[in-house]
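Hi,

Here is the structure I promised to pass on. Have a look, and my notes follow below.

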Amino acid sequence: MGASLDFTGWLAEPFMIRALFALLMLAPACAVLGLHVVSFRMAFFSDAISHSVFTGIALGLLFSIDMRISTILFGLFLGIMLIQLGKRSTLSRDSLIAVLLAIAMSLGIVLVSMRKGLVSQFQNALYGDILSLTSTDLFLTGFVLIGTIVFEIVAFNRLLVMSTSEALAKAHGIRSQLWETLLALWVGVVTLVGLRLVGLLMVTSLMVVPAAAARNLSNGARGAILSAVVVALVASVTGLAASWMLNSATGATVILAAAILFLATLPLHRAVRRS
Amino acid sequence: MSVTVTVQDLTVKLDGHTILDRLNLTLAGGVINALIGPNGAGKTTLIHALLGFTPYNGTIRFDGLDRKPRIGYVPQKTNVEPGAPLTVTDLLSAGLSRRPVWSGTNKSLRSKIEATLRNVGIPNRIDRRLDTLSGGEFQRVMLAQAMLRDPDLLILDEPNTGMDITGHQLFCGLVDRIHREHQTTTLLITHDLGVVADHSKRVIGLNVSVQFEGEVHEALVEENLVRLFGPHSHGWKAEQHAHNGRTV
């Protein structure tokens with residue numbers, strides 16, 4: 001693969017088609033969840049979960065289990081810890097996340113640095129490896145998409161009322177702690193599956209940037225979901241094609257495409273609000 | 001039929017502290033019952049107990065109902081984030097329908113929402129973003145979401161907080177009109193004794209336990225107010241307020 005102006009050549013490569021399929025499944029799921037991540041101010045939470053991958057990889061190798069499983073299990077463990085400590089601690093949620101993020105990262109780095117051969121796994125986690133996806137990766141990404149659709153059917157209204165007023169949500173009989181926990185866990189799962197594709201540095205951006213663009217393009221919930229999905233899909237296709245032509249890191253190029261779309265939507269914000 | 005709410009021996013303890021101590025009170029059916037008391041008196045805790053999300057000892061009875069009561073609630077605080085892509089319809093549908101609002105609102109629900117918004121005086125705000133509404137308009141939306149539940153008990157938790165005088169008076173007038181039309185048993189929590197005198201029939205003074213309870217003209221007297229709020233409420237009289245239109 002080299003830098004070229006061949007706009008369609010990438011479609012002839014099976015690994016690029018796999019990458020395209022994976023992105024077309026992951027990006028919309030991330031974008032829709034991103035609307036909740038933005039409204040519940042959870043971007044830092046998603047960052048902490050993604051950085052737990054260091055320890056997850058190290059634990060997988062230490063205990064000889066599949067690293068995908070160890071990463072997801074440790075990430076979810078961290079997520080549950082964050083939620084439970086958040087309920088009991090007097091520290092602000094941001095401070096608590098920062099402390100756990102520091103523990104998860106430093107523990108992972110210590111464990112990995114003790115085994116020199118693990119450094120390459122680190123690189124894959126940092127930047128993702130979307131061009132060498134396996135059938136299992138595609139299966140997991142499809143699971144994320146279907147799971148997100150089901151989650152949005154069941155949870156969307158509840159999360160909407162909760163984001164307006166927790167007391168009002170309780171008055172409506174919504175078990176807000178349960179739904180907040182389910183949201184956090186699902187964001188954790190999607191983050192951990194997503195970082196295999198776009199890397200831990202970019203996976204939160206795949207949630208936040210399309211969601212932020214959607215806020216500029218729509219006044220209501222329906223429009224926001226549609227806009228977030230369209231921005232995510234357009235960024236996926238153009239980012240993937242651009243990464244082929246520029247010979248650049250795919251995950252970062254997709255996020256850059258989404259960021260450009262976000263910037264393009266900025267001038268529309270006021271007009272949409274007035275409409 | 002209007003519902004009377006009877007609270008007997010209600011005690012709420014949180015972290016070893018007694019927040020409410022053996023409350024016995026009645027929210028009379030079909031009238032506006034005001035709940036007043038200093039900060040920390042337990043007013044919000046009482047609301048939470050009525051709504052069923054604070055554990056308590058004692059009994060709360062909704063007389064005349066053989067089903068779970070429907071409670072409409074206008075909260076004191078909301079946190080609609082500026083820039084959030086949510087319309088009035090989104091919020092009102094989300095509270096009523098299991099169908100996710102992103103899949104659209106069905107015609108009958110939309111008609112019901114339109115009628116309720118007309119009733120609260122904001123007929124053309126149905127598709128407006130929540131973050132573009134004025135404080136007064138937003139409170140009307142919250143009142144609409146409470147009324148859409150066709151409540152047996154309507155709880156208004158300091159609904160005038162943050163409103164200017166005009167918005168405040170318009171909102172109180174609206175509550176009066178809606179109350180005349182529906183005769184819903186209402187619990188109004190407020191710090192404004194003028195609002196109590198002008199708009200409620202009964203008043204309950206709360207400070208951990210019930211300090212006084214009764215018809216406004218009987219209970220809202222200086223002796224009770226001094227007992228509830230301390231000596232700085234000395235000199236306030238409901239009759240004087242009614243005569244001068246003065247608000248404390």
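Among contacts in chain B between residues at least 6 apart in sequence, what percentage join residues at least 24 apart? The answer is 67%, where a contact means two C-beta atoms, placed from the backbone, within 7 Å.

Some housekeeping: this is a predicted model, in which local features need pLDDT of at least 70 and side-chain atom pairs count only at pLDDT 80 or more, while totals for chains, interfaces and linings use all residues. Residues are numbered from 1 along each chain as its sequence is written, and chains are lettered from A and ligands numbered from 1 in the order in which they are written.

Chain B has nine helices and nine strands (DSSP runs, H or I of at least four residues for helices, E of at least two for strands, numbered from the N terminus). Its C-alpha atoms fill a box of roughly 55 × 40 × 35 Å along the principal axes.

Over in chain A, helix H2 (residues 43-51) packs on helix H9 (residues 176-198) at about 50°, with the axes 9 Å apart (axes are lines fitted to C-alpha atoms over the stretch in contact, and angles run from 0 to 180 degrees between N-to-C directions). H2(A) gives A:Phe45, A:Ser46, A:Ile49 and A:Ser50 to the contact, and H9(A) gives A:Ala184, A:Val187, A:Gly188, A:Thr191, A:Leu192 and A:Leu195. By class, that is six nonpolar, four polar and no charged residues (Ala, Val, Leu, Ile, Met, Phe, Trp, Tyr, Cys and Pro count as nonpolar, Asp, Glu, Lys and Arg as charged, the others, Gly among them, as polar).

Cheers
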